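Please read the points alongside the displayed model.

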Amino acid sequence: MKKIGYPCQNWTLALTTGHTLRFKNFSKERVLQAVGSNLKHLSEMLTYNLKNNLKFFRISSGFVPFASHPASSNISWFDHFRDEFTEIGHVILNNSIRISMHPDHYVLINSPDEDITQRSINELMYHARLLDAMGLDRTSKMQIHVGG
């Protein structure tokens, strides 16, 4: 059975999973506010999708603003929203919704520059942590760019 869906934004409901902020406005409170909004919108979009037999959704890479940036190392978004992530994960798994993420184009794990490679690994670890926070299994995917 083919699963159709869409990435990141629902134009019908005017919802997105990519609420973010500028780094100059960065604070723990603002990051948590953005994550809370993204969780609320994701839940609403999944409800809409199920009513419309849409069984695929790509979660925005910006779901947790600056998640892989060193400034975020003390923000435990995964603990703060543990119940919300668990609830959304149950909806996804119980309804066989296919979830994916697509880290941005600057993620390049085979870069000859060790700093770029390490930042890329940090970004991929954030994506994995987000999927793990929802308790998702290996049917959830990350699409990444490789090459030069």
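1. For the helix orientations below, axes are lines fitted to C-alpha atoms, for helices over the stretch in contact, and angles run from 0 to 180 degrees between N-to-C directions. On that basis, helix α4 (residues 114-133) runs at about 160 degrees to β5 (98-101). Helix α4 lies across β4, β5 and β6.

2. The model is predicted. Its chain contains four helices and six strands, arranged along the sequence as β-β-β-α-β-α-α-β-α-β.

3. Four strands form an open sheet in the order β1-β4-β5-β6, and their pairing is parallel. At its edges are β1 (5-7) and β6 (141-142), each of which pairs on one side only.

4. Three bridges join β1 to β4 (residues 56-59) in the parallel sense. Within this pairing, proline 7 is opposite arginine 58 of β4. Helix α1 (residues 28-51) lies across β1 and β4, and its direction is at about 165 degrees to β4.

5. Regarding overall dimensions, the radius of gyration is 15 Å, which agrees with the value near 15 Å for a compact globule because the chain has 148 residues. Along the principal axes, the C-alpha atoms fill a box of roughly 45 × 35 × 25 Å.

6. Of the contacts with a separation of 6 or more, 78% are between residues 24 or more positions apart. Buried residues account for 39% of the 148 in the chain.

Key: Residues are numbered from 1 along each chain as its sequence is written. This is a predicted model: local features need pLDDT of at least 70, side-chain atom pairs count only at pLDDT 80 or more; totals for chains, interfaces and linings use all residues. Side-chain values use heavy atoms; hydrogens and water are left out. Two strands pair if DSSP finds at least two bridges between them. Helices (H or I, at least four residues) and strands (E, at least two) are DSSP runs, numbered from the N terminus. Contact means heavy atoms within 4.5 Å. The radius of gyration is taken over C-alpha atoms; the globule rule is 2.2 Å times the number of residues to the power 0.38. Buried means under 20% relative accessible area, exposed over 50%, partly exposed in between (1.4 Å probe, protein chains only).
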